[in-house]
Amino acid sequence: MGNALGCISTEGVREKTSKHELNLPPLLASFKGRAGLLSSLSSSENKKKMAASFDGRLDEQALAAALLFNHHQRNNGNSLPFPRSQSVVYPSSGSKKHGLTRSSSSRRRSHSESLLTRPDQLVDQDLETNRVVLVHGGGFGAWCWYKTISLLEEAGFKADAVDLTGSGIHYSDTNIIRNLAEYVKPLSDIFYKLGEGDKVILVGHDLGGACISYVMELFPSKIAKAVFIAATMLSSGQSALDIFSQQTGFSDLTRQPQTFIYANGKDNPPTAIVIDKTLLRDSWFNQSSTKDVALASVSMRPVPFAPVVEKLFLSSNNYGSIPRFYIKTRGDCALHVPLQESMIKSNPPTQVFELKGSDHAPFFSKPQALHRILVEISQVPSNHI
């Protein structure tokens, strides 16, 4: 979610939905430390940037929408590799090269990277699994992974992205989500339907870190590796809110009143958070292209509130048995590096990678570098972990 809890507006809330603006009560006082409410673009800058995003070359946005549309046409309503009766899961369509800008990370190039200087070179087929399941963060949807899906499939992986409940094109209203179990149900359904002995590499971004942690506790035998990308990597007994509230050192703007959606009335807890889209460029996508910012601005949905405050209890036998990898995003203005390092120190993963110059959305700003790290993680032998 980055700094969504500090960047909330009521834009787009239906009239029948109660909304309330207030100074934070004790229960929500930790929101004060959420990430930088940087000043939004001036209207003139906004207009120039938005105009540039519609300069006749909206290839990336068109691809994200076309993935789902073309898939529906090909399947003519038939089920997907992961049946869709209870979830919204879809792979990308046929692979094509789209001239993505090559990016770099601060790591020393590994042997696996030298073998993958071109994304269309197939990976070694002697992997524990070549299936990757991608889980988006708060407010995002499966659409955000369109570059990653394309690169992985060109490299010989089977990549699937899931829309969590009330996210992306999932039909549910965000305001009715009561807990983390309901939020991750489309993801859980994937694992219930996996064959005996089948495993996946599970990847989570942002609030998706809490989501994959929940699933890791339930299905440890079906997850070969777990990857946290600028994500909430919780210790047992923590909630995502506990993580987000640790961010300090931001401007006085973080102490301004915050607005939540109260679909059940103002006397009950909030039901969702509406992301202030005027802050996307500065706080979440400060290294991403104008086209990707435009895609996010028309695609992001409210973040359900209950999963953010729910504490997870994770065991060493289940969650702790799965190799974990963390990918730090060096240029992240939403989930700052000190907070990422704090999570790593409190709950050490198997290995830590770093993306130099990446914002909070490396699938947009550093797709090639992120791809190379995911491939490298897939090639780490289990007996070496």
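**Aromatic packing and covered helices**

Tutor: The structure holds zero disulfides, a disulfide being a pair of cysteine sulfur atoms within 2.5 Å. This is a predicted model, in which local features need pLDDT of at least 70 and side-chain atom pairs count only at pLDDT 80 or more, while totals for chains, interfaces and linings use all residues. Residues are numbered from 1 along each chain as its sequence is written, and side-chain values use heavy atoms, with hydrogens and water left out.

The structure holds 13 aromatic pairs, where rings of Phe, Tyr and Trp (its six-membered ring) pair if their centres lie within 6.5 Å, planes under 30 degrees apart counting as stacked, over 60 as edge-to-face and the rest as tilted. One of these pairs joins Trp284 and Phe285 edge-to-face, at 6.2 Å centre to centre and with 70° between the planes. Trp284 has a relative accessible area of 1% and is buried, a term for under 20% relative accessible area, with exposed meaning over 50% and partly exposed in between (1.4 Å probe, protein chains only). Phe285, at 0%, is buried as well. The ring of Phe285 also pairs with that of Phe364, and because their planes stand at 55°, with the centres 5.8 Å apart, this pair is tilted. It links distant parts of the chain, 79 residues apart: Phe285 lies in the loop between helix H9 (280-284) and helix H10 (290-299), and Phe364 in helix H13 (residues 362-365). Helices (H or I, at least four residues) and strands (E, at least two) are DSSP runs, numbered from the N terminus. Phe364, like Phe285, is buried. These rings belong to one aromatic cluster, formed by Phe140, Trp143, Trp145, Tyr146, Trp284, Phe285, Phe363 and Phe364.

Turning to the helices, H7 (residues 208-218) is mostly covered, with ten of its eleven residues buried. The elements that cover them include strand S3 (131-135), helix H6 (185-192) and strand S10 (324-329), with contact taken as heavy atoms within 4.5 Å. In helix H12 (residues 337-346) the buried residues are Val337, Leu339, Gln340, Met343 and Ile344. Seen down the axis of H12, they fall within an arc of 165° and therefore line one face of the helix, the arc being that of the directions from the helix axis to the C-beta atoms. The face turned away from that buried side carries the exposed residues Pro338, Lys345 and Ser346. Helix H8 (240-244), S10 and strand S11 (351-355) are among what covers the buried residues of H12.
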